[in-house]
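Have a look at the structure first, then read on.

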Amino acid sequence: MTMEVRATEIMAAAGAHELRDGEVVVVGIGLPQVACFLAKSTHAPGLTPLLEIGVANMRPKDTPVGLADSRIFYRATAWSGFLDVMGMNLHRGVVDTGFLGALEVDRFGNINTTLSKEGGKLRYFNGSAGGNDVASLAERVIVIMRHEKRKLPAAVAHLTSPGFPGGHARAELGLRGSGPHRIITDKAVIGFNPETRCAALHSLHPGVSLEDVLANTGFPLELPGGVGTTPLPSAEE
């Protein structure tokens with residue numbers, strides 16, 4: 001990894017590059033939000049960000065500590081509630097992209113945010129919140145997370161939010177949208193093979209080796225021809 005650019009900056013820029021002008025995006029806090037507003041400040045000024053708590057088109061004033069932090073609501077054009085974002089937007093089918101975090105993601109893009117089984121001990125976390133709605137109903141889903149073998153297992157310990165469960169087509173299971181689109185980590189960008197629905201390496205971050213990525217992935221990662229290098233953020237970004 002180059003010393004001039006941090007891995008988190010590469011991740012944020014990679015997330016921003018996946019967003020298109022005019023899209024409606026459900027986004028949380030942290031790197032997904034940084035990516036969203038980077039896109040809105042550069043190539044996608046017509047992006048409409050939504051917070052699951054009902055805030056729309058905000059321009060955060062400062063780094064928030066949670067979704068209820070009022071600094072995140074700055075210049076919002078609407079402040080309604082969960083039912084508006086989850087019902088009138090997600091369930092109505094107008095959300096183009098959902099950004100999600102994860103404890104675990106498996107080779108079919110299934111997400112666990114509920115529990116871990118490390119060392120034979122169960123540890124419970126927040127669960128779904130709006131994650132299952134986003135994964136089930138948004139047109140496509142992007143996950144940003146650390147690249148560790150324990151976080152990318154062959155099968156998630158608990159299926160909180162669906163990708164392609166069992167490798168099945170989403171329509172067979174009553175799920176809308178194309179499902180998992182990208183997993184952006186601190187080592188690589190991972191996509192999904194539309195035929196096998198399995199995770200496939202899309203690009204390696206500068207300075208990261210293929211051997212490093214494979215050693216830190218808990219499932220067989222498909223290696224299509226022409227795996228590229230993740231672009232570094234521009235000076236403007």
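Predicted model: local features only at pLDDT ≥ 70, side-chain atom pairs only at ≥ 80, totals over all residues.

## The second largest pocket

Residues are numbered from 1 along each chain as its sequence is written, and side-chain values use heavy atoms, with hydrogens and water left out.

**How the spaces are found**

- Rolling a probe the size of a water molecule over the atoms shows where empty space is left.
- On a 1 Å grid over the protein atoms alone, a cavity is a set of points where a 1.4 Å probe fits but cannot get out; a pocket is an open set with protein on both sides within 12 Å along at least five of seven lines; and lining residues have an atom within 4 Å of a point.
- Grid points are joined across faces, edges and corners, and a volume is the space filled by probe spheres set on the points.
- Helices (H or I, at least four residues) and strands (E, at least two) are DSSP runs, numbered from the N terminus.

**More on the second largest pocket**

- This pocket holds about 260 Å³ of space.
- Helices α1 and α2 (31–41) each supply at least two residues of its lining, and the largest share, 5 residues, comes from α2.
- By class, its lining has 8 nonpolar, 3 polar and 3 charged residues (Ala, Val, Leu, Ile, Met, Phe, Trp, Tyr, Cys and Pro count as nonpolar, Asp, Glu, Lys and Arg as charged, and the others, Gly among them, as polar).

**Helix α2**

- In α2, 8 of the 11 residues are buried (under 20% relative accessible area, with a 1.4 Å probe and protein chains only), so the helix is largely enclosed by the rest of the structure.
- Among the buried residues of α2 are Pro 32, Phe 37 and Leu 38.
- The buried residues of α2 pack against α1, β2 (48–50), β5 and β10, where contact means heavy atoms within 4.5 Å.

**The largest pocket**

- About 760 Å³ of space lies in the largest pocket.
- Its lining has 31 residues, and Leu 100, Gly 101, Ala 102, Thr 113 and Asn 126 are the closest to its centre.
- Helix α1 (7–17) gives the most to this lining, with 3 residues.
- The lining divides into 17 nonpolar, 10 polar and 4 charged residues.

**The cavity**

- A search of the whole structure finds 1 cavity of 30 Å³ or more, and the largest cavity holds about 60 Å³ of space.
- It is lined by 13 residues, including Gly 109, Ile 111 and Pro 180.
- Strand β11 (179–184) gives the largest share of this lining, 4 residues.
- The classes here are 9 nonpolar, 2 polar and 2 charged residues.

**Strand β13 and its partners**

- In β13 (residues 199–204), 5 of the 6 residues are buried.
- β13 pairs with β12 (residues 188–192) in the antiparallel sense over 5 bridges; strands pair if DSSP finds at least two bridges between them.
- β13 and β14 (residues 228–229) run parallel and are joined by 2 bridges, with Leu 204 opposite Thr 229 in β14.

Note on methods: Buried < 20%, exposed > 50% of the residue type's maximum accessible area, 1.4 Å probe, protein only.
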